[in-house]
Amino acid sequence: MSIDHNDIAKKLAILEEIAALISRSHELQDTLDHVCRLVTRQMDCDVCSIYLLDETGENLVLTSTEGLDPASVGKVQMHVDEGITGLAVEEMKPVAVKNAAEHPRYKYFPETQEEQYISLLSSPILEQGRPLGVINVQTRDERQFSPEDLSVIGSIGTQVAVMVQNYRLLQAVNEHKLPLGPPSRATERQRGGEEGRHSVVRGIAASPGIAMGTAVVVEEGDLMQLFGVKEFVEDTDAELYALDQAISRVRDEIKDAELRIAERLSDEEAKIFSTHLMILEDEGFLGKIREAIRVQKHSGLYAVRNVVAHYVQLFEQIDDPYIADKIADIEDVGKRMLNSLSRKSPDHKRKKGERGILVATRVMPSDAIEMEARGLVGMVSGEGGADSHASILARSFGIPGVVGLENQLRMIRDGDFLIVDGASGNVYVNPDKEVLKEFKRARRDYRSAREEIEGSTKAEAATTDGRRIRLMANVSIIADAKTARTYRADGVGLYRTEFLYITRPTFPTEEEQYKVYSQVIKNGPDDLIVFRTLDAGGDKYMPQLKGPIESNPVLGWRSIRVSLDLVHVFKTQLRAILRASTLGKAAIMFPMITNLSELDRARELVEETKAELKREGQDFDPDIEIGMMVEVPAAALLADKFAKKVDFFSVGTNDLTQYTLAVDRNNQRVAGLFDPLHPAVLQLINLTSKAARKAKIRVNLCGELGGYPEAIPLLVGMGFDGISVSPTSLPLVRYVIQALSAKDCEQVAKKALRFGTRDEVTIYLRGVLAGLDLPELDRLR
Ligand code: PEP
Ligand code: MG
């Protein structure tokens with residue numbers, strides 16, 4: 001079947017027209033009538049009708065129509081278990097029927113005179129996965145509705161849903177059904193902020209799920225730069241008492257974090273906290289602070305700041321990596337003490353047991369790790385894109401997140417109650433009772449859908465016609481490896497080793513790395529673990545990499561370029577990976593390879609390292625596989641040349657998209673342009689897959705695209721052997737794979753690769769997905 005590009009363009013035009021129409025809408029009935037007219041005209045059909053559920057939620061009432069008898073509006077009603085229209089609500093997905101009268105659920109309503117219409121497409125109108133009604137399209141001539149038709153009508157349904165919901169809300173407010181004034185006492189958890197200050201702010205959906213809790217605003221700026229701090233105090237005893245209280249709070253805080261983080265990270269990664277505790281117990285350090293208060297009558301804040309600054313200054317003059325470690329630790333402890341003394345702990349408004357949501361202008365990967373350790377349940381940030389590393393970490397922790405709020409972040413204050421909707425990108429600030437109730441229900445729904453999907457974990461990731469896909473996990477920290485094992489991943493397709501480096505100020509030693517790598521092998525799935533060598537730079541800031549500030553860090557000294565320059569650092573890592581390779585099945589993978597010479601040099605260094613280990617009598621797997629990331633367009637374009645030199649490819653669509661489309665993956669201002677489904681990116685992905693198959697090497701994909709349900713048929717169709725995704729996405733991706741026929745997917749890929757715009761690709765792929773039998777999918781998004 002050939003693709004009708006005009007057809008898709010036309011459908012895009014309808015969606016745009018409907019969006020414009022809805023944005024101007026004042027009157028519900030009028031707008032719905034307009035929508036029906038527009039759909040009939042633009043989709044070349046004879047009828048378009050909208051049925052809305054009544055207050056009981058059990059009856060569908062014909063509310064608007066173009067084509068059926070207008071007198072039947074408001075009169076025709078059916079129970080949700082009646083008719084094909086009811087079936088769309090029951091199944092929560094579009095139902096397309098070529099000959100409606102022959103369908104067992106067909107129900108005839110004489111008043112509509114619809115017997116003259118043969119084919120019917122019924123699509124539910126869903127808001128947050130909850131049905132509000134149905135939109136129907138009917139034709140006089142027999143018609144096979146296409147996947148694009150399904151996708152377009154689904155999108156129209158979503159737009160109509162938002163309008164209907166908004167309209168109902170407004171109506172309810174006008175009729176005083178909803179409290180928009182100051183929050184009542186009965187309103188659950190509406191403290192913080194000004195009375196009645198509530199709003200919805202919109203950002204980029206970064207990690208799915210719904211989180212509710214108190215905003216924990218982490219302010220930017222260095223606390224060590226406290227301005228306007230009172231220098232002297234009268235009552236030194238009171239100040240000393242306050243200091244002791246603060247120290248004890250910080251001690252509890254660190255112990256708490258250490259305990260929690262030790263469960264989620266390795267002992268090595270958690271070690272940072274014992275150093276902090278040691279500093280806090282150090283009599284030399286504390287003695288100086290106490291003395292400054294007692295003798296010089298300094299305030300606690302002033303004394304702590306000065307003593308910490310004094311230590312830092314002293315240590316900076318000593319050129320020793322061990323001491324460098326201590327500087328960062330002392331600064332960290334100092335900040336915690338200042339926070340505690342000024343009672344500005346980021347968690348200070350959080351009551352015990354209450355859930356907190358991290359709110360920050362920029363969430364760095366290290367903050368994201370800390371977020372997990374502090375038991376925060378949601379993440380909101382002013383900067384960042386959906387595929388920035390903080391977002392990736394939030395997804396791997398299963399923490400709902402919204403990023404890229406820009407200036408709207410100012411609308412959120414510390415202590416506000418928030419609902420973070422990680423699927424839509426909305427953050428509700430001090431929502432009212434109704435909204436809260438709605439989201440509690442949606443969260444229950446989301447959880448139950450996830451539980452059902454997790455059932456797919458019992459069987460392997462294979463298509464209906466028996467094609468086995470290696471479904472692997474992307475791992476950043478030990479906890480990911482455990483989750484990957486729980487969800488029965490077929491190995492780890494990408495272990496981002498750099499997170500071990502991010503959490504410490506100096507390079508980890510060979511022994512430290514060996515310990516962590518061994519734990520990943522032991523805790524992770526009993527299958528291949530792909531160790532990606534250090535991928536530093538870009539947004540993965542590393543304290544160890546001191547150097548001139550670069551104006552384009554993403555195009556600068558990063559990743560394999562750093563490893564090939566700092567040979568000793570690279571070899572230390574290779575030694576640790578090679579030694580750990582005897583504990584299971586491991587592979588080495590190089591990031592950001594752009595030139596053949598880089599690959600040659602990296603391989604050479606692996607060989608050198610092996611020879612050194614052999615001389616020392618150390619064990620390692622001599623046949624360890626070597627692979628490379630394809631994440632720079634140059635590598636994809638030369639994939640046939642690279643394929644001769646490696647055992648496998650892994651396509652990193654995050655960076656490949658960034659470099660192909662010239663869109664910074666962390667810049668929210670251009671986030672709308674970042675799309676791995678852009679046809680240019682797809683061409684490069686396909687080129688890589690083709691080259692791999694020709695050279696008979698494995699080809700995997702480990703970018704975030706692998707977690708997009710609509711991309712799975714495309715990737716299976718392009719011939720990918722494996723897909724590696726964030727561990728929490730494993731059940732969903734497996735669930736989609738199990739519904740696919742590999743043979744059909746090849747056709748899907750062929751067709752998708754012919755499009756010239758990302759919208760065409762997306763509409764088409766969503767249509768394909770909508771045509772599959774995946775009832776739980778809507779409830780998850
Ligand atoms: C990628 O770029 O797609 C990738 C998987 O690597 P990272 O996200 O760690 O840069
Ligand atoms: Mg990358």
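Trainee: Is R488 buried, partly exposed or exposed, and what is its relative accessible area?
Mentor: In this predicted model, R488 is partly exposed, because its relative accessible area is 43%, a value between the 20% and 50% cut-offs.

Trainee: And where does R488 lie?
Mentor: R488 belongs to the loop that runs between α13 (478-486) and β16 (492-496). Its phi is positive, about 50°, although R488 is not a glycine.

Trainee: Is D44 buried or exposed?
Mentor: D44 is exposed, because its relative accessible area is 53%, and the cut-off for that word is over 50%.

Trainee: Which way do the residues of β13 point?
Mentor: F417, I419 and D421 point one way from β13, while L418 and V420 point the other way, and all of them are buried.

Trainee: Which strands pair with β13?
Mentor: Strand β9 (residues 210-218) pairs with β13 in the antiparallel sense over 5 bridges, and within that pairing M212 has I419 as its bridge partner. Strand β14 (residues 426-429) is also antiparallel to β13, with 4 bridges, and there L418 stands opposite V429.

Trainee: What about the hairpin of β13 and β14, how many residues are between the strands?
Mentor: There are 4 residues between the strands of that hairpin, and G425 takes a positive phi near 85° in it.

Trainee: On to ligand 1, then. Which residues come nearest to it?
Mentor: Of the 16 residues around ligand 1, the nearest are R496, R532, G652, N654 and R665. By class, the shell is made up of 4 nonpolar, 5 polar and 7 charged residues.

Trainee: Which polar atoms of the protein lie 2.7 Å, 3.1 Å or 3.0 Å from an oxygen atom of ligand 1?
Mentor: A polar side-chain atom of R496 lies 2.7 Å from an oxygen atom of the ligand. With T653 it is a backbone N or O atom, 3.1 Å from a ligand oxygen, and with D655 a polar backbone atom, 3.0 Å from an oxygen of ligand 1.

Trainee: How much of the accessible area of ligand 1 does the protein cover?
Mentor: The protein covers 100% of the 290 Å² that ligand 1 has on its own. The elements that give two or more residues to its shell are α11 (389-397), β16 and α21 (653-661), and α21 gives the most, with 3 residues.

Trainee: And the magnesium ion, what are its protein donors?
Mentor: The magnesium ion, ligand 2, has E631 (OE) and D655 (OD) as its protein donors, lying 2.0 to 2.1 Å from it. E631 is in the loop between β19 (625-630) and α19 (633-637), whereas D655 is in helix α21, so the pair ties together parts that are 24 residues apart in sequence.

Methods
Residues numbered from 1 in each chain as written. Chains lettered and ligands numbered in written order. Predicted model: local features only at pLDDT ≥ 70, side-chain atom pairs only at ≥ 80, totals over all residues. Heavy atoms only, no water. Buried < 20%, exposed > 50% of the residue type's maximum accessible area, 1.4 Å probe, protein only. Pairing = 2+ DSSP bridges. Near = heavy atom within 4 Å. Polar contact = N/O pair within 3.5 Å; in protein donor to acceptor, adjacent residues only side chain to side chain. Areas by Shrake-Rupley, 256 points an atom, 1.4 Å probe, with all protein chains shown as cover. Nonpolar A, V, L, I, M, F, W, Y, C, P; charged D, E, K, R; others polar. Donors = N, O, S within 2.8 Å, 3.2 Å for Na, K, Ca; no water.
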